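Open the model in your viewer and keep the selection tool at hand. The stops below go from one to the next.

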Amino acid sequence: MSASSPDPTPQPLLHAAPGSARRPLRFNAFVMNTTSHIQHGQWRRPDAQQTRFNDVRTWIELARTLEAAKFDTMFFADVSGLYGDADADFDVYVREGLQIPSNDPTVLLSALAVNTEHLGFATTSNVFQNHPFNFARQISTLDHISDGRIAWNVVTGMQDNGARNYGMDRVTEHSERYRWAQEYVDVVYKLWEGSWDEDALLQDKERGLHADPSKIHKIHHRGERYRVEGPHLSSPSPQRTPLLFQAGSSLSGRRFAAQHAEAVFLVSPSPALAAQQIAETRALATGFGREPGDVTFYQGLSFVIGSTEEEARAKAAEYDEYISVDGYLAHSAVVDRAGRVYPPDTPLKDVQTDGARGFAEWLSKHITDREPVVADLARQRATSQRIVGTPEQIADRLQEWQAAGVDGINVINWVIPGSFEEFADHVLPGLRARGLAQSEYAEGPLRQKLFGSPRLNDRHPAAGYRGAYGEGRAVLPAPTTAPDRLTVSSGTP
């Protein structure tokens, strides 16, 4: 018997082409500097240490554990405000510890960087929460501190409360947020890639020449939202531009990822649907002059591991006892206009929340003997990206995801640090035996470890700003649209 699938219905097995070389999967630890990130209610378990999120030693110890296990990156999620209606009560979020309180991951990364040598660190930063000039300087500083191990998860925001925290009435309309993001990345690319020539910093003590002023340039950006003169105050860091993550699943988000991302975070319900999204995004990338392999894909999955299948299922049942229905519903913004979660037995068709309509339609295809209720939604959110089984069964499932085109896994924890320790001790050895996990780190910065070079390749739009600001040189605008080559499916919620 195979491990339980995260899919609501069985999916056909997907296999790599005969004779194709097996490559290691990449592994990120998906975390947040808060108590309740993804798996709500689990913080109540006796072995859960995520309640110690304010203690920097919690994260330093976890980073060292991940590095010893040869994880590629410690990936920090973040938000700018509360979920749900901005005018409603927020009691449920506070009761559940649902991403409140939470701390700024960008600040935390400096402590983690100096306590590790190879592990990469990704920070999530919304385009409206930090001015691009200041953000570019912070990231360059972190990239210097870490010797080039920093990544940026580019997000555009989704909470009205978060928008109000930065002076707006509500979140900007969806497609407009990506127009905003286009200008934002344009500014930081100019600063990271174009403001300093490669050999501008001299520090020549004999001549008394610290840097060559002819090789440091103002960028004079004038756009719809930003005016930034420059120059960039930081000298070029090992990567210049950090490794770029993105997680948008809408058409606008996929177009943005196709143009800019090097790594895309997926939450697909099955390998088959992941394969579809991967193929569509890579096809879009070619329209921007990139190659399909320039964009890699990371599926989010959680794991319940047992020495036997029976043991794994028993452990899964223990986790299920701690599931917070209120927490999952609140995270999905399935709350009424007053901010209250619906009673568990409320039919989904009666929920007055826009997002619940798609969930109701989707669940009705899989629950045919009765009307789906909100408790079904909570259980689906808790288990849809979960694999339960022995290490061998989990490895079989991960091979299916890889055969679908997935390059890596964002490992979602139930408890910290135990979920990651179990994965490191029991799953990774078997994956290494199959050639599915690395045994040693490659040398160099994070991008070099993952792509073979510390700098963005010449096909990336940021590369157009290299050497663009010298005397007599003009900057050509980067493309902002790709040809309509296909119809992109929105997939399931």
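Start by selecting Phe303, Ile305, Tyr319, Val411, Ile412, Asn413, Ser419, Glu422 and Phe423, which together line the second largest cavity of this predicted model. Now colour β11 (296–305), β13 (408–412) and α14 (418–433), the elements that each give two or more residues to the lining of the second largest cavity. Of these, α14 gives the most, with 3 residues. Sorted by class, its lining has 6 nonpolar, 2 polar and 1 charged residues.

Next, zoom out to the whole structure, where a search finds 4 cavities of 30 Å³ or more. The largest cavity has a volume of about 120 Å³. To find it, select Thr35, His37, Ile38, Gln50 and Asn413, the closest to its centre among the 16 residues that line it. Then select strand β1 (residues 26–32), which gives 3 residues to the lining of the largest cavity, the most of any element. Which classes of residue make up the lining of the largest cavity? There are 8 nonpolar and 8 polar residues, and no charged ones.

For the last stop, go to helix α8 (residues 271–287) and pick out Glu280. Is Glu280 buried or exposed? Glu280 has a relative accessible area of 10%, so it counts as buried, the cut-off being under 20%. Show Arg254 as well: its side chain and that of Glu280 make a polar contact at 2.6 Å.

Notes. Residues are numbered from 1 along each chain as its sequence is written. This is a predicted model: local features need pLDDT of at least 70, side-chain atom pairs count only at pLDDT 80 or more; totals for chains, interfaces and linings use all residues. Side-chain values use heavy atoms; hydrogens and water are left out. Helices (H or I, at least four residues) and strands (E, at least two) are DSSP runs, numbered from the N terminus. Buried means under 20% relative accessible area, exposed over 50%, partly exposed in between (1.4 Å probe, protein chains only). A polar contact is a pair of N or O atoms within 3.5 Å; within protein, one must be able to donate a hydrogen and the other to accept it, and residues adjacent in sequence count only if both atoms are side-chain atoms. On a 1 Å grid over the protein atoms alone, a cavity is a set of points where a 1.4 Å probe fits but cannot get out, and a pocket is an open set with protein on both sides within 12 Å along at least five of seven lines; lining residues have an atom within 4 Å of a point. Grid points are joined across faces, edges and corners, and a volume is the space filled by probe spheres set on the points. Ala, Val, Leu, Ile, Met, Phe, Trp, Tyr, Cys and Pro count as nonpolar, Asp, Glu, Lys and Arg as charged, and the others, Gly among them, as polar.
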